[in-house]
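Reader: Could you walk me through the ligand site in this one, and then the helix packing that goes with it? I'd like the cut-offs spelled out as you go.

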Amino acid sequence: MRLKNKISLITGAGSGIGQATALKFASEGSIVIAADRNLQAAEKTQHLIEQSGGNGRAVALDVTQEQQVAQTIAMVVEHFGQLNVLHNNAGVSVLKPITETTEADWDFLFGVNLKGMFFGCKHAIPYMVQQGGGVIINTASELAIVGQPLYSAYCATKGGVLAFTRALSVEWASKGIRINAVCPGPIKTPMLNAEFELAANPDAERAATIQSIPVGRLGVPEDIAKVALFLASDDAEFVHGAAIVADGGRTTV
Ligand SMILES: NC(=O)c1ccc[n+]([C@@H]2O[C@H](COP(=O)([O-])OP(=O)(O)OC[C@H]3O[C@@H](n4cnc5c(N)ncnc54)[C@H](O)[C@@H]3O)[C@@H](O)[C@H]2O)c1
């Protein structure tokens, strides 16, 4: 068990990558607080954790609301005595040419993908310093590294995630806090499915995406959960400020 008795808080844990990571961490002995804006979805994750013999707790959390983030983290520390791992994973996408992107689209993307992460780090780090260390994992994207039409605002948020992660990691490494990012490629989740459905021909879009991935398949949430587990565990003891790409080789071609 690589996370035995660790307390992990995962945002966006009601679906896709967050849910898979919640299940993975729980299977490795962590108590998992599955936080999501959608409480029902978080409760489903709690149920799945319990079904597989793990220890999970669902909480409603909108990461764009600083007070909610602060209160959730305080609740976790008060109830469980510590917070060892924070996975800032909640994210949203909007696909539009920049000429059609509204200020509201931009604010929505930055609010969830970057400001939510800022709130998580701001409020978790003081407890981690107090307890002598901790781990933060930020979900970025392959689109922090390469561009794709219709994704420019999304790419800006994810590029920000990497810059933020690097800067934070050097700010807090001396306090025993490891802060890293994971950069998923196309992963079969409700988010990616919804993006395919926006295309004129969703099946053709899906096929073209698969063709762009050297290993010849889309990723599955478990592929990213395994990377998050590595980053959360002591195996990554010397890994600080890294951006681990898990994309089936897509950004290397
Ligand atoms: N699926 C992919 O191909 C892919 C690729 C690269 C990066 N990512 C990133 O991975 C992360 C997870 O994506 P996913 O594909 O699992 O998406 P998903 O849509 O399946 O799950 C995202 C979850 O986040 C929750 N959420 C959204 N806004 C929230 C908020 N304000 N507060 C709390 N929870 C909120 C949703 O309710 C949902 O349960 C995101 O940061 C996304 O940008 C996904």
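Predicted model: local features only at pLDDT ≥ 70, side-chain atom pairs only at ≥ 80, totals over all residues.

Author: Let's sort out residue classes before anything else: Ala, Val, Leu, Ile, Met, Phe, Trp, Tyr, Cys and Pro count as nonpolar, Asp, Glu, Lys and Arg as charged, and the others, Gly among them, as polar. Numbering starts from 1 along each chain as its sequence is written.

So who's in the shell? 30 residues surround the ligand, and the closest are Gly12, Ser15, Gly16, Gly91 and Thr189; a residue is near a molecule if its C-beta atom, placed from the backbone, lies within 6 Å of it. At least two shell residues come from each of helix 1 (16-27), helix 4 (103-131) and helix 6 (190-197). Helices here are DSSP runs of H or I with at least four residues, strands are runs of E with at least two, and both are numbered from the N terminus.

Now the packing. Helix 1 and helix 8 (residues 221-232) have axes that come within 8 Å and cross at roughly 55°; axes are lines fitted to C-alpha atoms, for helices over the stretch in contact, with angles from 0 to 180 degrees between N-to-C directions. Helix 1 and helix 8 are therefore oblique to each other, given that angles under 35 degrees count as roughly parallel, over 145 as roughly antiparallel, 65 to 115 as roughly perpendicular and the rest as oblique. On the helix 1 side, the contact includes Gly16, Ile17 and Lys24, and helix 8 brings in residues including Pro221, Ala225 and Leu229 (C-beta atoms, placed from the backbone, within 7 Å). The residues of that contact divide into nine nonpolar, three polar and three charged.

Helix 4 has a partner too: its axis and that of helix 3 (residues 66-80) come within 9 Å and cross at roughly 30°. That makes helix 3 roughly parallel to helix 4. Among the residues making this contact are Val69, Ile73 and Val77 of helix 3, along with Phe119, His123 and Tyr127 of helix 4. The helix 3 and helix 4 contact residues split into seven nonpolar, two polar and one charged.

Zooming out, the protein chain has eight helices and seven strands. Its C-alpha trace spans about 50 × 35 × 35 Å along the principal axes.

Key
Contact = placed C-beta atoms within 7 Å.
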